[in-house]
Every structure is written in structure tokens, then in C-alpha cells.
Amino acid sequence: MSKRRLSALMAALVVGTAAPVLLPAAGASAASCSSYPNWVAGKSYVTGNIVRYTDGKAYIAEHDNPGYDPTISTWYWEPYACDNGPTNPSDGFVVSEAQFNQMFPNRNSFYTYSGLKAALSSYPGFANTGSDTVKKQEAAAFLANVSHETGGLVYVVEQNTANYPHYCDWSQPYGCPAGQSAYYGRGPIQLSWNFNYKAAGDALGIDLLHNPNLVQTDASVAWKTGLWYWNTQSGPGTMTPHNAMVNSAGFGQTIRSINGSLECDGKNPAQVQSRVDAYQRFVQILGTSAGANLYC
């Protein structure tokens, strides 16, 4: 059983609801960024307001908020198309294909770089928030945890087939329409359980409850489920992994949110060290520092 699953997964069993989900900003015709009012810290904004931030880019309020920073509060704000057409975070992705290949020299051909880049549009704040250092640290943190979960992007599906029938919670009103054994771990963060396939699919606009195999046959969908967890789920932690990195809580908090119930607080130091080692390798490849608070 891949470990992180039991975090958000069992949490979802208890509360029966998913964490707030980041959704891409609604499309709109491009206009000049300078035509929008400057963002003002502490000023109340309502859903749909568009502002020009200090970086010269435009952002649209996805939820009412009391003047949160658009580059930090990515649940409240999303990048908005202006000047040069729609915002495409993959164009400026901080990990090049050569660096990706260096990180994963033995990866399964299923986990394509193009699939990862295609998935970035689902969560434009990912590795695209804050300073260049923070962007690189977040990308490295995500890929380090993914590396640990998949043996270096080798495994697409959970290897212990004996676990497959366990991931169906029949108490959910929608049951397990794809079958008792259909919701085993798949993808870069090993999505599992029927309620997680339902929640991820609802967030991404893909019917994963009825079509869970998409996570092991479509590289973009697989990467999107990993980014869904990273950006919207806190698991046994107190924050999403995305927020941990952009708010300087440190890499250790991403471990806690992914698999803290089984690894943190001294429970499994070897597994934690494996994640930290991968993170330190990856930030070195990206030419940046690891930051503080690496352990949980």
C-alpha cells in the first residue's frame, strides 16, 4: 500500500468531503494589463475582480478576499490573460526537459515531460508563485515526493495487487461503479480509493470514478491527479504541500501532508530521509537552495 494515500484518503472517509479545490481561472478576452487597477493590500475584493499586481501581471479573484497577495493566496487569485494572450504557466516552467531527464534517468516512458507540462494549466499557481527560488523549490519538492512514491517514476500502478480490493468504500453514495478492485494506486502520487478518484475527477472535470484507468493510460491525466493532491489536499498535515512551499513552511511540511501519519515525528526516519535526499538532489539540479525545515 503506497503510504500517502492513507492520509487524505482516510481523512476523506472521516469527513466525507474534499478540501477546497483550486480551479483554473475562467477564460476571457485579453486586454492590456495596464488597464486594470493596481492591487491594494488589505482592500476587499469580490469574485471576478481583476487587478494588476506589482509584478505587472493581472490576476482575477476566484473567491472573495480581504486583499490577499495574489502570488501567495493562490486559492483566492488566479493569473488572468492580458497583453500577450492567455497565461500559460508551462511556457515558463522552471524545470527543463533536460533537467527532468537528469532527475529521472530510469523513468517509465509513461511519465512524459510533455504530459507534465500539459497538466500545469490545471493549477497555474504551481511552481509559478513567488520568487524564482520559491518556484524552483516547489517544483523540486513535488518531484522529490513523486520520485519517492514511484521509485523514481518507475511505477505507474501499485505493485501489491493484493491491496486492490481494499480501496472501495461502499458507504459512499456513488459506490464503486468501476468495480470493487478498480481504485488501486495509480499515477505519480498513487491516487487510490473511490472517494479520491471522485474528488480528483470532479476537480479536474474528468470522470475518474467511472474511468479510473485514465490515470494509468493518459500521462497528462496522471500528472493532473498528482497536482490535484499537491495543490488542494492537506492529508494528515495542516496545509497543502503547495502552501507549505510558497509560504516558507519548508519541505518537511510537504512530507507531513503526504504521509505524515506514517513517517513523521520519528515514525519512519529512513523514509523521510529518502524524500529529503531526493529534494536536495533536485534543488541542486535546478541551481537553487533547499531552504529550512527539511524534516517533519
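Helix α5, which spans residues 194–204, is largely enclosed by the rest of the structure, because 9 of its 11 residues are buried. The model described here is a predicted one. The buried residues of α5 are Asn194, Phe195, Asn196, Tyr197, Ala199, Ala200, Gly201, Ala203 and Leu204. Just after this helix comes Gly205, whose phi is positive, at about 75 degrees.

The protein has 10 helices and 3 strands. Read from the N terminus on, its elements follow the order α-β-β-β-α-α-α-α-α-α-α-α-α. The protein has 296 residues, and 54% of them count as buried. Its exposed surface comes to about 12000 Å², of which carbon and sulfur atoms supply 51%. Contacts across the sequence can be described as well: among those between residues at least 6 apart in sequence, 61% join residues at least 24 apart.

Phi of Leu153 is near 60 degrees, a positive value in a residue other than glycine. Leu153 is also buried, since its relative accessible area is 0%, and the cut-off for buried is under 20%. Gln190 likewise lies in the loop between α4 and α5, and its phi, near 45 degrees, is again a positive value in a residue other than glycine. With a relative accessibility of 4%, Gln190 counts as buried.

Asn108 sits in the loop between α2 (97–103) and α3 (113–119). Along the chain, Asn108 and Leu153 are 45 residues apart, yet their C-alpha atoms are separated by 6.0 Å. Leaving aside residues up to four places away in sequence, Asn108 touches Leu153, Val154 and Val156. Asn108 counts as partly exposed, with a relative accessibility of 28%; this value falls between the limits of 20% for buried and 50% for exposed.

Lys135 carries a charged side chain by the grouping used here, and is buried, with a relative accessible area of 15%. When residues up to four places away in sequence are not counted, Lys135 touches Val94, Ala127, Asn128, Thr129 and Gly130. Lys135 can also be related to Met245: the two are 110 residues apart in sequence, while 8.6 Å separates them in space, C-alpha to C-alpha.

The packing of α4 against other parts of the protein can be followed through its pairing with α9. Two packed helices are described by the angle between their axes and the distance between the axes. For α4 and helix α9 (residues 251–263), the angle is about 25 degrees and the axes are 9 Å apart. The two helices are therefore roughly parallel to each other, as angles under 35 degrees are classed in this way. The crossing in which α4 passes α9 is right-handed. On the α4 side, the contact is made by Ala141, Ala144, Asn145, His148 and Glu149, and on the α9 side by Phe251, Thr254, Ile255, Ile258 and Glu263.

Helix α9 packs in turn with helix α10 (residues 269–285), at an angle of about 155 degrees and with the axes 11 Å apart. That makes α9 roughly antiparallel to α10, the cut-off for this class being over 145 degrees. The crossing of α9 and α10 is right-handed. From α9, the contact draws on Phe251, Ile255, Ile258, Asn259 and Glu263, and from α10 on Gln271, Val272, Arg275, Val276 and Tyr279. These residues of the contact of α9 with α10 divide into 6 nonpolar, 2 polar and 2 charged.

Methods: Residues numbered from 1 in each chain as written. Predicted model: local features only at pLDDT ≥ 70, side-chain atom pairs only at ≥ 80, totals over all residues. Heavy atoms only, no water. Buried < 20%, exposed > 50% of the residue type's maximum accessible area, 1.4 Å probe, protein only. Contact = heavy atoms within 4.5 Å. Helix = DSSP H or I, 4+ residues; strand = E, 2+ residues; numbered from the N terminus. Areas by Shrake-Rupley, 256 points an atom, 1.4 Å probe, with all protein chains shown as cover. Axes fitted to C-alpha atoms, helices over the stretch in contact; angles between N-to-C directions. Parallel < 35°, antiparallel > 145°, perpendicular 65-115°, else oblique. Left-handed = near helix turned anticlockwise from the far one by under 90°.
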